[in-house]
Amino acid sequence: MNEEKSCDLVQLVDDLDYKPDFLHPDYHSVLDNPELVSEMHKRGIGVNPYTCDNADDIAALVQAGCDGIITNRPDIARSVIG
């Protein structure tokens, strides 16, 4: 997914008839456009990307400010987060 598609995701959320509590995008959406997290936070929406199992990518998601990370490897996530 590229930054343009991530921006489309912001527009999609803005066009909803309701405000979701959380957004669960593919983690590549956040890696391609870390501003997605701050845009959702401005709207009062948490971000929990899925399914990231790579330590470097988990670190980048944490740096982007994600509220949670859906993973198959909690052991790796714990070691990255500390």
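Student: Which residues of helix 3 are buried?
Tutor: This is a predicted model, in which local features need pLDDT of at least 70, side-chain atom pairs count only at pLDDT 80 or more, and totals for chains, interfaces and linings use all residues. Residues are numbered from 1 along each chain as its sequence is written, and side-chain values use heavy atoms, leaving out hydrogens and water. Helices (H or I, at least four residues) and strands (E, at least two) are DSSP runs numbered from the N terminus, while buried means under 20% relative accessible area, exposed over 50% and partly exposed in between (1.4 Å probe, protein chains only). On those terms, the buried residues of helix 3 are Leu36, Val37 and Met40.

Student: Seen down the axis of helix 3, what arc do its buried residues fall within?
Tutor: Take the directions from the helix axis to the C-beta atoms, since those define the arc. The buried residues line one face of helix 3, so their arc is within 100 degrees.

Student: Leaving aside neighbours within four places in sequence, what is Met40 in contact with?
Tutor: Contact means heavy atoms within 4.5 Å. With those sequence neighbours set aside, Met40's partners are Val10, Val13, Leu23, Ile45 and Val47.

Student: How far from Cys52 is the nearest cysteine sulfur?
Tutor: A disulfide needs two cysteine sulfur atoms within 2.5 Å, and by this rule the count is 0. Cys52 is buried, at 0% relative accessibility. Its nearest cysteine sulfur belongs to Cys66, at a distance of 9.2 Å.

Student: About how many helical turns separate Glu39 and Lys42?
Tutor: These two side chains meet in a salt bridge (3.0 Å, N to O), a term for a Lys or Arg side-chain nitrogen within 4 Å of an Asp or Glu carboxyl oxygen. Glu39 is partly exposed at 22% relative accessible area, whereas Lys42 is exposed at 62%. Because they sit 3 residues apart in helix 3, the separation is about one helical turn.

Student: Which residue forms a salt bridge with Arg73?
Tutor: Arg73 is partly exposed, with a relative accessible area of 36%. The closest N and O atoms are 2.6 Å apart, and the partner is Asp75.

Student: Which residues do salt bridges that share partners join into one network?
Tutor: Glu39 also meets Arg43 in a salt bridge (2.9 Å, N to O). Through shared partners, the one network joins Asp14, Glu39, Lys42 and Arg43.
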